[in-house]
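The sequence and structure come first.

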Amino acid sequence: MDHQPKFFENLSGAGKAIGVLTSGGDAQGMNAAVRAVVRMGIYVNAKVYFVYEGYQGMVDGGDNIVEVSWESVSSILQVGGTVIGSARCKAFRSREGRLQAALNLVKRGITNLCVIGGDGSLTGANLFRSEWSGLLEELAQNGKIDAEAVKKYAYLNIVGMVGSIDNDFCGTDMTIGTDSALHRIIEVVDAIMTTAQSHQRTFVLEVMGRHCGYLALVSALACGADWVFIPEYPPEEGWEDSMCVKLSENRARKKRLNIIIVAEGAIDSHNKPITSEKVKDLVVQRLGFDTRVTILGHVQRGGTPSAFDRILASRMGVEAVLALLEATPDTPACVVSLSGNQAVRLPLMECVQMTQEVQKAMDEGRFLEAVRLRGRSFENNLNTYKLLSHKKPDAELPKTNFNVAVLNVGAPAAGMNAAVRAAVRVGLTEGHKIFAVIDGFEGFSRGKIKEISWGDVGGWTGQGGSILGTKRTLPAKYLEKIADQMRTNNINALMVIGGFEAYLGLLELSAAREKYDEFCVPMIMVPATVSNNVPGSDFSIGADTALNTITDTCDRIKQSASGTKRRVFIIETMGGYCGYLANMGALAAGADAAYIFEEQFDIRELQANVEHLTEKMKTSIQRGLVLRNENCNENYTTDFIYQLYSEEGKGVFDCRKNVLGHMQQGGAPSPFDRNFGTKISAKAMQWISKKLTETYRKGKVFANTDDSVCLLGMRRRNLVFQPLAELKDETDFVHRIPKEQWWLKLRPLMKILAKYKTSYDVSDSGQLEHVATLRKEAETGAI
């Protein structure tokens with residue numbers, strides 16, 4: 001999309017006052033949103049006010065509405081819940097309450113509100129806005145304000161951000177807090193799996209979601225649960241029998257544990273509740289299995305926000321301030337939200353109406369419609385879960401006589417195993433034989449290849465690293481041996497899950513097609529690398545887990561620094577030449593600077609950063625955090641920067657350095673990586689099936705066109721299949737990075753939140769879209 005960059009410098013907040021409040025149930029990441037609103041507001045010269053205790057504070061006024069400074073939001077990024085409090089408020093539901101709230105805002109000149117909450121809170125805000133001029137006139141009649149004030153504060157602008165762990169708001173892919181809640185659930189499931197396995201137990205887990213099954217569905221997908229109950233998709237009649245048959249079949253296949261996930265609002269097709277106790281009693285009575293119930297409850301709302309939620313909330317907070325600055329009396333109240341990987345603005349009431357339509361559809365028993373209204377991401381999750389959780393009897397499976405090989409290439413990345421599991425199970429369902437290659441291309445050349453079955457990949461989603469084994473070796477020197485193995489095992493298609501080496505490897509194999517017919521088969525790459533440096537995809541499997549590791553470590557380091565005071569930490573992250581981890585880690589951890597290869601820097605910039613930190617030490621925030629990508633500059637090494645900061649900061653602050661190293665590649669995969677890996681891999685295997693059918697001629701598969709070697713990546717809002725030959729022009733092969741990277745647009749965001757003057761291209765924002773168009777776009781190829 002060619003556009004002239006539009007910078008927000010032209011937008012000034014001078015003379016404007018913004019109030020920020022959190023309302024309804026709390027969610028992790030709300031504080032990150034509050035911090036971003038405050039800092040962006042102050043950055044554009046607006047006054048910013050905290051409204052404590054939600055709408056209750058707005059009605060009560062007094063000390064509940066307080067002007068804040070830059071330092072007021074220091075150290076809240078990593079804190080769960082909301083530091084400005086949230087309360088359900090009866091008074092605001094009455095006109096008298098809203099009249100009082102309007103008076104309290106006008107007294108302080110606040111005519112811009114940023115509301116962080118669920119659909120109830122946002123509906124209340126919209127009502128308040130529609131009544132605003134009437135409320136002011138009434139206040140003037142009662143002599144509470146003068147006619148001048150009525151004219152001066154004639155309009156109220158409102159922007160909403162959805163903070164809800166249930167992800168129950170239509171129009172937004174992810175609400176603030178959902179990813180963190182999934183982290184809590186998956187931590188518990190992983191822990192329970194080890195004890196359940198020891199005793200051959202069945203566990204019934206109840207998760208939150210009174211009206212929305214998102215948490216239950218996604219956690220079931222992320223842990224490979226045996227059965228899931230959600231309100232939008234009740235089980236068919238006779239589900240009791242089907243579930244018990246499935247559980248006993250799994251036991252018969254030597255599976256030592258069963259996990260059943262129940263959303264708290266789960267219902268059957270007659271709208272009768274299905275409770276976790278009811279499920280437990282059923283399993284005990286019918287099967288006699290040792291069964292336990294665990295109700296997660298408020299654990300899901302607690303804890304520190306995940307890296308994803310911090311970045312999401314920070315992006316939304318900045319976007320919300322921009323939306324307020326650009327609002328006119330004619331623009332409808334909007335919600336800032338995320339679609340795919342893009343920030344969008346949507347009319348608040350359209351979203352609310354659609355959210356209410358889902359509930360109406362469920363109440364009326366139109367469950368398929370409810371699933372469709374929930375949006376593309378929900379629908380995809382449900383279809384993928386159904387595909388992967390239930391093995392059809394062999395007699396019902398088609399037989400294609402195609403053999404597909406799956407291998408991991410490059411460095412290990414968390415989520416690779418989830419991707420392999422999805423590929424194997426979808427491939428078997430499509431009727432192929434699946435072969436697992438051990439140790440990448442090197443193992444392939446040595447014949448380390450074996451057929452793999454449905455049960456072999458059970459329990460793989462939560463495992464870190466690469467169970468198949470992975471090597472960085474490229475295929476060029478083994479071409480003949482690999483061709484022999486493909487001939488011997490009659491391999492008709494290849495699926496390679498890996499990073500930049502996988503990309504180079506497939507380019508080498510496709511170049512060798514002229515010499516070896518064996519390589520004239522469909523080949524697809526699924527990007528998996530912590531560095532997130534593969535062209536053709538905004539995200540790679542493994543990058544989210546690495547980002548969470550970096551964020552957790554930075555949190556601990558910041559905590560140690562706040563104890564000792566006047567200390568700056570220099571932290572080195574992985575990523576090769578790609579600055580994704582350093583940049584996004586800095587945004588998620590609230591760092592002061594991030595040095596990356598993509599944005600060259602010199603000694604003057606280092607000096608400016610030291611001066612900036614020196615100034616910071618004079619305030620109440622006496623600590624600093626600087627991230628450095630491992631290859632950002634060959635001369636300005638981590639040691640060099642550490643020594644420079646130590647020397648220049650003498651007497652003002654002292655320095656410590658920390659190289660995070662391989663801990664960034666390890667650990668259990670995050671919910672995002674498990675899901676992304678599962679969904680993208682399932683889609684890649686479906687592409688293979690389609691290509692095999694298209695290229696099967698006269699008893700053999702022959703594919704030698706460019707579009708038979710593809711990479712499946714996420715681009716902005718959609719999953720896209722891209723021929724590798726076309727991606728070559730987008731690649732910087734020397735530094736192993738894409739020539740253009742989407743996340744560089746977020747770089748100024750990190751600088752603004754760390755109090756640097758910078759210019760921020762806002763061309764992508766400012767467009768108010770409609771929920772309907774978003775859906776149409778989404779249906780074409782969404783994740």
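On a 1 Å grid over the protein atoms alone, a cavity is a set of points where a 1.4 Å probe fits but cannot get out, whereas a pocket is an open set with protein on both sides within 12 Å along at least five of seven lines; lining residues have an atom within 4 Å of a point. Grid points are joined across faces, edges and corners, and a volume is the space filled by probe spheres set on the points. The structure is a predicted model, in which local features need pLDDT of at least 70 and side-chain atom pairs count only at pLDDT 80 or more, while totals for chains, interfaces and linings use all residues. Residues are numbered from 1 along each chain as its sequence is written, and side-chain values use heavy atoms, with hydrogens and water left out.

**Cavities and a pocket**

By the cavity rule, there are four cavities of 30 Å³ or more. The largest cavity has a volume of about 520 Å³. It is lined by 33 residues, with Met174, Phe308, Gly340, Phe539 and Phe672 closest to its centre. Among the elements that each supply at least two lining residues are H10, H13, H18 and helix H22 (671-695); helices (H or I, at least four residues) and strands (E, at least two) are DSSP runs numbered from the N terminus. H22 contributes the most to this lining, with six residues.

The second largest pocket holds about 910 Å³ of space. Its lining has 32 residues, and Arg88, Gly118, Asp119, Gly120 and Arg210 lie nearest its centre. Helix H4 (119-141) and helix H11 (348-363) are the elements that give two or more residues to that lining, and H4 gives the most, with five.

**Salt bridges**

The whole structure contains 38 salt bridges, each a side-chain nitrogen of Lys or Arg within 4 Å of a carboxyl oxygen of Asp or Glu. One of them joins aspartate 555 and arginine 310 at 2.6 Å, N to O. This pair links distant parts of the chain, with aspartate 555 in helix H18 and arginine 310 in helix H10 (residues 307-326), 245 residues apart. Both aspartate 555 and arginine 310 are buried (under 20% relative accessible area; exposed is over 50% and partly exposed in between, with a 1.4 Å probe and protein chains only).

Aspartate 592 and lysine 616 form another salt bridge, at 2.8 Å, N to O. Aspartate 592 sits in the loop between helix H19 (580-589) and strand S18 (593-595) and lysine 616 in helix H20 (residues 603-616), so the pair ties together parts 24 residues apart in sequence. Both aspartate 592 and lysine 616 are buried.

In the salt bridge of arginine 604 with aspartate 602 (3.0 Å, N to O), arginine 604 is exposed at 62% relative accessible area and aspartate 602 is partly exposed at 29%. Arg95, Arg98, Glu131 and Glu138 are linked in a network of salt bridges.

**Serine 531**

Serine 531 lies in the loop between strand S16 (523-527) and helix H18 (543-564). Serine 531 has a relative accessible area of 13% and is therefore buried. Beyond neighbours within four places in sequence, serine 531 is in contact (heavy atoms within 4.5 Å) with Gly575, Gly576, Cys578 and Tyr580.
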